[in-house]
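Let's take a walk through this one together. Have the coordinates open and follow along.

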Amino acid sequence: MSISINLPDGSRKDFDHNPTVLEVAASIGERLAQATLGAQLNGNKQIVDLRTKLEDGTSLRIITTKDEEANEVIRHSAAHIMAQAVQELWPEVKITFGPATEDGFFYDFDTPKPFEAEDLEKIEAKMKEIIKRNLPLTQMQWSHDKALQTFSKMGERFKAEHIESLNLDEVSIYQQGDWFDLCSGPHVQSTGQVKAVKVLSLAGAYWRGDENNPQLTRVYGTAFADKKLLKEHLERLEEAKKRDHRKLGKELGLFHFDAISPGAPFFTGKGTIIYRELQNFMRSMYLKYGYQEVITPMIFDVDLYHKSGHYQNYRENMYFMETDHREYSAKPMNCPGHCMLYGFERKSYRDLPWRIADFGRLHRYERSGAMHGLTRVRTFCQDDAHIFCTLDQMQDEIKTFMEFLDEVYLKLGMSEYKIYLSTRPEKRMGDDAVWDKAEQSLEEALKRLGLSYTINPGDGAFYGPKLDIMFVDALKRPWQLGTLQCDFNLPENFDLKYVGADNSTHRPVMLHRAILGSIERFLGVYLEHCAGRLPTWLSPEQVRIISISDSQKDFCQSIYKRLQAEQIRSNLDSRVEKLGFKIREAQLQRIPYILIIGDKEMDSKTVSVRLPSGENIQGLSLEEFAKQISLEVSDRKLQLGITTLR
């Protein structure tokens, strides 16, 4: 028997048996074998365990400690090391699961006594001890009965419950030293390959994410292939704490939350300015890209959602009410109402594409543990729009959507993003043939545009596949904001039609799209991206006028009135306080321009401008200053424009 394994450089390795990934690595070189953590097979992005046996003709890409994908394996193994550390410290603690995440890992524990902050140091110290032992990880296959009996006898009821739910003849077990866990992998060769770990925080969690199940203690951590990468990550985490939009929102006086309405922000006057400016920005873009803005009802009879499929597929996320012996729901999405609007008037192929946008308020139930400031709320509005078009027009509409998105993101200084093609979820409506057609259409459009993308299997909407736009912020964190969803199902459900050039009726394609996404979520993400320092056109207060002494009060008042007349958002600080104190206060509010007015400025009828950098520009006429600010705002410039006057 001859087994051939194809390598990325075009060469191949031959074996007289089915080799493991690690065996192939060892046949290439000892150093490669020592660094091997897993592999990708036949172009698939999923990482398989280094112990996986390979079939003849497999195309193999070995993942080593130098690859970015290595973090997934290292962090998954670090979660096991954490669980072992916890049970060595507190044998009475029971374990559940510990997956790798985008930034690290966590493990959920059933603890008789809740962990405290000082326990994290003990867990980390024990983890480092286990890493130092360099324990080999061995994978074993146990029969269903053996695994169930073993974990049941140990009192590991969560593991036993999961084994029963798997309905498999055999299950995978990984052992390191005397400790073992139910897991399908992938994992490192030995604990010593996890070079740098940090235990970060505690949180509450529920078994299987269900609030009706037992409450658990979740311990978060992170791990890297070397200490330098860990140090850089921890520095980013510290910066992220400073940029936390909840902290900034409070400091800048933009919004509040209260238990009287969970998950529903109260926007102050300042926060509302930012909110409206973002909406107005999108409205100006709608004119350019051919959208009509519409208004649709907020509450509908549930018959609408039976028709759209939301009742069957999205019910757990909706709010319901009963009145006049009928059941109603606050809308979670605009699309059913937009389908109704389309159907009210007869459409011809000449009317398509028909693009409508809606800033309607939406309500979706989020579990209390999932809510997080503005980025996960229960009431919000989106820069939501729907495009009804012919099949022939769809590729052009997807192209135009990407152009639209690029223009908006460039204007906002959001130059880096990734595209994910999210395919059919398990819970969905429509035939597989329809899904095939929709997924192929999106993939074809991306290929035509030459855009790189990643397949995100199973994460599409219940009515269609989608493109998810993952914006990468200043701290290199991905955020899902924009989306384009291809839908052949809702037009079918609502019997939407248009009369074609052949005088016959046809079914339109429906494209769901958003660019900012939820405005609440976008604002939270953008505040963190900018560290609260917004461009002038978005800033609630664009100019702060500060008098040095009481003698300039009248002149400062005249400056204030002039700026207000030019619709430049400004405030006057004429308090009898130290100048440094007043400047510092304005700087903490991230105000783009601070005007410092003393006797010299009053006598010369000029202004002195202090920039966020600390630079000062003196001797500017008020007329020129106001003109430059107005131009900067009207053009929605990203950078400060006043520096050009120096």
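Predicted model: local features only at pLDDT ≥ 70, side-chain atom pairs only at ≥ 80, totals over all residues.

Residues are numbered from 1 along each chain as its sequence is written, and side-chain values use heavy atoms, with hydrogens and water left out.

Start with the open sheet: five strands in the order 30-29-31-32-33, with mixed pairing. Strands here are DSSP runs of E, at least two residues, and helices are runs of H or I, at least four residues, both numbered from the N terminus; two strands pair if DSSP finds at least two bridges between them. At the edges, pairing on one side only, sit strand 30 (570-573) and strand 33 (616-621). On average, neighbouring strands are turned by 25° against each other, direction ignored. (Axes are lines fitted to C-alpha atoms, for helices over the stretch in contact, and angles run from 0 to 180 degrees between N-to-C directions.)

Now zoom in on strand 31 (593-597) and strand 32 (606-610), which pair in the antiparallel sense over three bridges. Here Leu595 stands opposite Val609 of strand 32.

Two helices lie across strands 29, 30, 31 and 32: helix 17 (553-565) and helix 18 (579-588). Helix 17 runs at about 170° to strand 30, while helix 18 runs at about 175° to strand 29.

Finally, hop over to Thr268, in the loop between strand 14 (266-267) and helix 9 (269-289). Leaving aside neighbours within four places in sequence, Thr268 is in contact with Gly253, Leu254, Phe255 and His256, contact meaning heavy atoms within 4.5 Å.
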